[in-house]
Number of protein chains: 2
Amino acid sequence: MGPLHESDNNMPAQQPSGQPQSGSKIADDFDVILPGPMEVRRGSRLGDTRVRMVLPAKQPFHRLREGTLEATESVEVPEGRLQQAGYWLKRALIGVPIATARADQERLTKFKALAVLSSDAISSVAFATEAILINLVAAGTAALAWTLPISLVILALLVVVTLSYRQTIPAYPNGGGSYIVARENLGTLPGLVAAAALMIDYVLNVAVCVAAGVHNVISLFPSLQPYVIAMDLALVLIMTVLNLRGIRESGTIFALPTYFFIVSAFLLIGVGLTRAYVFNHQPLIGHFVPTVQAIEPLTIFILLRSFATGCSAMTGVEAISNGIPIFRKPETRNASITLTTMACILGALFLGITLLAMTYATQAEPSGNPTVIAKIASDVFAGPLVFLFPIFQLSVLGILTLSAETSYADFPRLASLLARDKFLPSMFSFRGDRLAFSSGIIALALLAGLLLVVFKGDTNALINLFAVGVFIAFTLSQSGMVVHWWRRRATHRGWRRSMIINGLGAVTTALVAIIVAIMKFMEGAWIVVILIPVMVWLFRSIAHHYHLVAQERTFDLPLRPQDIHHRVIIPIDRLDRATIQSLAYARSISDHVTAVHVDVDEERANQLRADWQRWQRYIPDDEGVNLLIIASPFRSLIRPLLAYIDVVHQRHPETVLTVVLPEFVVSHWWEYPLHNQTALRLKTSLLFRPGIAVLNLPQHLRTRMPSGAAHPPE
Amino acid sequence: MGPLHESDNNMPAQQPSGQPQSGSKIADDFDVILPGPMEVRRGSRLGDTRVRMVLPAKQPFHRLREGTLEATESVEVPEGRLQQAGYWLKRALIGVPIATARADQERLTKFKALAVLSSDAISSVAFATEAILINLVAAGTAALAWTLPISLVILALLVVVTLSYRQTIPAYPNGGGSYIVARENLGTLPGLVAAAALMIDYVLNVAVCVAAGVHNVISLFPSLQPYVIAMDLALVLIMTVLNLRGIRESGTIFALPTYFFIVSAFLLIGVGLTRAYVFNHQPLIGHFVPTVQAIEPLTIFILLRSFATGCSAMTGVEAISNGIPIFRKPETRNASITLTTMACILGALFLGITLLAMTYATQAEPSGNPTVIAKIASDVFAGPLVFLFPIFQLSVLGILTLSAETSYADFPRLASLLARDKFLPSMFSFRGDRLAFSSGIIALALLAGLLLVVFKGDTNALINLFAVGVFIAFTLSQSGMVVHWWRRRATHRGWRRSMIINGLGAVTTALVAIIVAIMKFMEGAWIVVILIPVMVWLFRSIAHHYHLVAQERTFDLPLRPQDIHHRVIIPIDRLDRATIQSLAYARSISDHVTAVHVDVDEERANQLRADWQRWQRYIPDDEGVNLLIIASPFRSLIRPLLAYIDVVHQRHPETVLTVVLPEFVVSHWWEYPLHNQTALRLKTSLLFRPGIAVLNLPQHLRTRMPSGAAHPPE
């Protein structure tokens, strides 16, 4: 006996006419689901009557076409006071949801994209020159003259890398980060290595930038010292919320500090150089006053170490090619222009500040405190321009802190690419309410927050970990491009020139990577060398798991309904109205229902047996429902039930076993402990048994009575 | 179309012959559930063939009678390595489970019951006398002479209370605790007040005893001081595990320290009195040396306060009448004899120690350090008997610590009575593996552990809270007995005498309760005065909730299977083999299945639509299964589904809505985050919607293929 079906006005009125038409089988449940008064419309064909709803103000769906509805914003609001409060808080923090269709409008202009994607690179001019000076001074003040040549080499490197990436952008218009380029051209493993290196760097960058920003604030207000970590975390939280508001809003917010710094820095260089060469007629390179004695001879080692440290100016250069999809159309053209603009600004600022350092900072020991750039600024903005000094310092503070934004822009995007390729859980590929990759943003914030807490807000030790990852990623990306051009040599005009540029980039960045790794190995780069393989292993394990799942996802069930023979087991405690209802449900599924009572109290079992026999008089013809009592001498409820279910399942592989569990749903969470958690424990145990379906009948207090229900037998 | 049923050898062979016979409908699934080879037996009637299993070594069930199985011990062992390890650890700690049928053999002899139920009362002689002395000394040393009269009053009180309880025991042979007696005779509220007062006292007793025991150990080994709380909790844990092993085993273990103390104390009294009166010819009452000046005059207030404090000797007296069911048969006779024995021992020890105190402790200030009893013992066991002193001290330590056992014996029993009457969650009424009320034991341990942690193992402040609860319980119990006898005045010979004894008990204990409450109010008794109403409110709320549940427990379902018309909604992601299997399951339940796909990625939705149309060609005649695609412009998965489910549920109150959720079960817990928690979140949300059944199809990796399953359409 199967469930009968009533005549139903809302069933599709069309009848299948022999041959199934394509598309006719896709359900049109639209009429069914709109609440509100009805309006009957005669269709053009016989029997094609439509019942149309007059829509209420807040309709949950509207119809796109046959078989397809579109949810409206109103379905997003949850029920329940607490949930609604949470919903409105979320709205207040990150704004109203943005429809997927509006994605294009959320993209960034070149002006804003430059601010978001270059803040990391440009901020590095604030400390790259100083890094070179500090390394050279070990060989005495005289060695500081090498600053300029080293800076020029770094500038040359910047030119090579920029040219290389300008070729990557049009070749990979959907985001040509190192991961994509390396994976497509070199294979999965190099791609994952590049991804791991970049992800590590992004996390480090957020931690270091936030710590630096808070550190600067505390040097202004020392009484805030006890709250360092709280301030760090608050800053991470603020940046996270701003980024969850979507790329357009965060772009607008973060444009200000970036341009503020660029303008301030150019002002500093302009004023400084004018002062020195125009007014004071100083030579181009100042003579360093020999205040510091050499503690080691000037060797190639020292020069290489200085170079390696100075390469921190290059971090963040690849951000633009990673982030192509956030540009307005035409993306590749806009991205290329922005990359060139950024490289010019970066190069000019780096060269300018190096020149200023060689002019103004010739008499002091480069020790890091005060910073070289602060010393230069206080010298340049002397006399009538002194009011500019604090403004410039503020701009440095702003760019240092907010250069974390580049990580916020690129990390979630990289994570989404990995998730798309199944190397990370799929949630990283979902866009949140504001089209941002929320999971990636939150993961980045959590990891950076963890680093800040572990290192107690003192992340200086982490700075040495940076450059290795960056140059590994550079190298893999450029090598990938070399392969890319070689493969396209038949079709692509000028492949030779492109390959040479990328080859040059690959060779130079590989050299730098090796130099940096060796020079910085003991200072922390070894951590990256260990972390990258671990992360690659993790990525591959996740992918392997998803692969297995896709291969072996199957139920222990037949494929056709007519092959399914149900058996239902339903644990019962006593025979009351609710039990009879659940037995009716079970009976409506299957011809073979066994109600099982675990007897831990003989009196109750006898009562049940008596009730059962009395009840059976009301259903005299029904052979499909049986009572089984299992005496449990050790008073356990779950284990005998499970053992029985297992035995039935084992001995009846041809049937589909469904366990019906009436579940008690109370009005308040604190009422839960008042009910036996037997159903919950049984469900948990059954979850790990393949091929047994579990049906929860939620049972509510004070629920309305079903209309037309028969009276209980007593 | 309903699910077909194959011919099934294991179905009951009997066919219904018109009129249903009483009893014939109770399922005999016994044959079905025993794994192992089969043996066919011809029955005596035509068609009554039985298939009998040859039982394997570890059969999970054996048959008691038609429709009734008995689980064997083998079903208790869980699957899974971790669960099995847990199981064997539990077995090692608390022993093999004891069958309910063996309950009688687990009862205690009078000898052991006295130890378990009297340790609380008898241990109090170790400090009751001292409590009187410390209070009297405020009025100067001369006032100490009042110790004897006060002790005699307390002794008289003990006689009255004992006589009263001797009458309660035969009247309430199933446990005549204050709760039962007060509830039956005075009403629910007084019963709950008595229960609350006693439960508070039991918890306090455990915390105070354990803290005292550990405190004594630490005074021997001061280097253990930092581990006070850890030692407290370890002691609670040990006592908990011992009690979980069942009343018989804990009775055996705890008999030793109780009798050790009783023997030691009588030895002390015997030796002491002999020494003083026989050898030294001292007067019966020593002259107290006026070492301490009065700081306040000797008023009735001081005398009452001393009396109130001394009444701590009475705590635990009612334990025996609470614990009647742990005695061997005849319970009431054994309990009465034990009560009398205990009262005699208690009275003799109390009087003896008071006499010793007045003889030996006349020259020292009663300050609590060293304790009066230690001072007496060191004086009595002087000279050749000095080796007895540490032994006596050890016995005091033992009884003080282990008098917590009385609480462990009575608290779970009281909780089980409350649970039986629905004033506590029903789990408190279940007997554990060893027939002990495990939940009550664990709850007591948790509460006492909490007190110990909160008070950092220094529970002296809690001692003042004790006596109020005890005397409230006494009073309510005795008043209840007065009503009891009055009601039975027609049938019970000698009701007048019984009523007078209990009335005397009620009046005196009420007086003491008032005195104690007033005298100790500021010292902490106020906490009890607040806690009791709170607990009574809690009990009543719980009972009210259970009452509502019993009244209104119902599903939103018809009572007869033929009235149930199913509608099934099944969220799908794509159309693969597993989806087709779950659709087949859904279709086998209902003629109206809607597969709902929430479209957050148009490409996937189009792919699904195409796959669906291709699949439909394989089931051309089936109108029962439809596809609905809901575009979700804001990329949320759950909310549109819920909104759709709600609308369908609202508009089709005549159908029973079942949501089929394929649930992914992975092999390792750490694989869970790799899968969308969509099903879980959906399930949680649906749980709070009345009338919607949720069916989980657990989906396993590497599960065996169902035999005879058709090939997937592609």
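**A walk through a predicted model**

The crossing of helix 4 of chain A and helix 10 of chain A is right-handed. A crossing is right-handed if the near helix is turned clockwise from the far one by less than a right angle, and left-handed if anticlockwise. Helices here are DSSP runs of H or I with at least four residues, strands are runs of E with at least two, and both are numbered from the N terminus. This is a predicted model, in which local features need pLDDT of at least 70, side-chain atom pairs count only at pLDDT 80 or more, and totals for chains, interfaces and linings use all residues. Residues are numbered from 1 along each chain as its sequence is written, while chains are lettered from A and ligands numbered from 1 in the order in which they are written.

Stay with that helix pair. Helix 4 covers residues 125-136 of chain A and helix 10 covers residues 300-310; their axes come within 8 Å and cross at roughly 160°. Axes are lines fitted to C-alpha atoms, for helices over the stretch in contact, and angles run from 0 to 180 degrees between N-to-C directions. The angle therefore makes helix 4 of chain A roughly antiparallel to helix 10 of chain A. Angles over 145 degrees count as roughly antiparallel, under 35 as roughly parallel, 65 to 115 as roughly perpendicular and the rest as oblique. Helix 4 of chain A brings residues including Ala128(A) and Ile132(A) to the contact, and helix 10 of chain A brings residues including Ile302(A) and Arg305(A). Two residues are in contact if their C-beta atoms, placed from the backbone, lie within 7 Å. The contact residues divide into five nonpolar, four polar and one charged. Ala, Val, Leu, Ile, Met, Phe, Trp, Tyr, Cys and Pro count as nonpolar, Asp, Glu, Lys and Arg as charged, and the others, Gly among them, as polar.

Now a second pair. Helix 8 (residues 228-244) of chain A packs with helix 16 of chain A at an angle of about 170°, with the axes 10 Å apart. This pair is therefore roughly antiparallel. Among the contact residues are Leu233(A) and Val236(A) of helix 8 of chain A, and Ile441(A) and Ala445(A) of helix 16 of chain A. The residues of this contact divide into ten nonpolar, four polar and one charged.

Step back to the whole chain. Chain A has 23 helices and nine strands. Chain A is divided into domain 1 (30-72), domain 2 (108-545) and domain 3 (561-700); such bounds come from an automatic or database domain assignment. The C-alpha centres of domains 2 and 3 of chain A lie 63 Å apart. Of the 714 residues of chain A, 49% count as buried. Buried means 20 or more other C-beta atoms within 10 Å of a residue's own, exposed means 12 or fewer, and partly exposed lies in between, with C-beta atoms placed from the backbone.

Next, the loops. Pro330(A) lies between helix 11 (319-322) and helix 12 (331-360) of chain A. The peptide bond from Lys329(A) to Pro330(A) is cis, with omega near -5°. In chain B, the bond from Lys329(B) to Pro330(B) is cis, with omega near -10°.

Leu435(A) is not a glycine, yet has a positive phi of about 70°. Leu435(A) sits in the loop between helix 15 (404-420) and helix 16 (438-454) of chain A. Leu435(A) is buried, because 21 other C-beta atoms lie within 10 Å.
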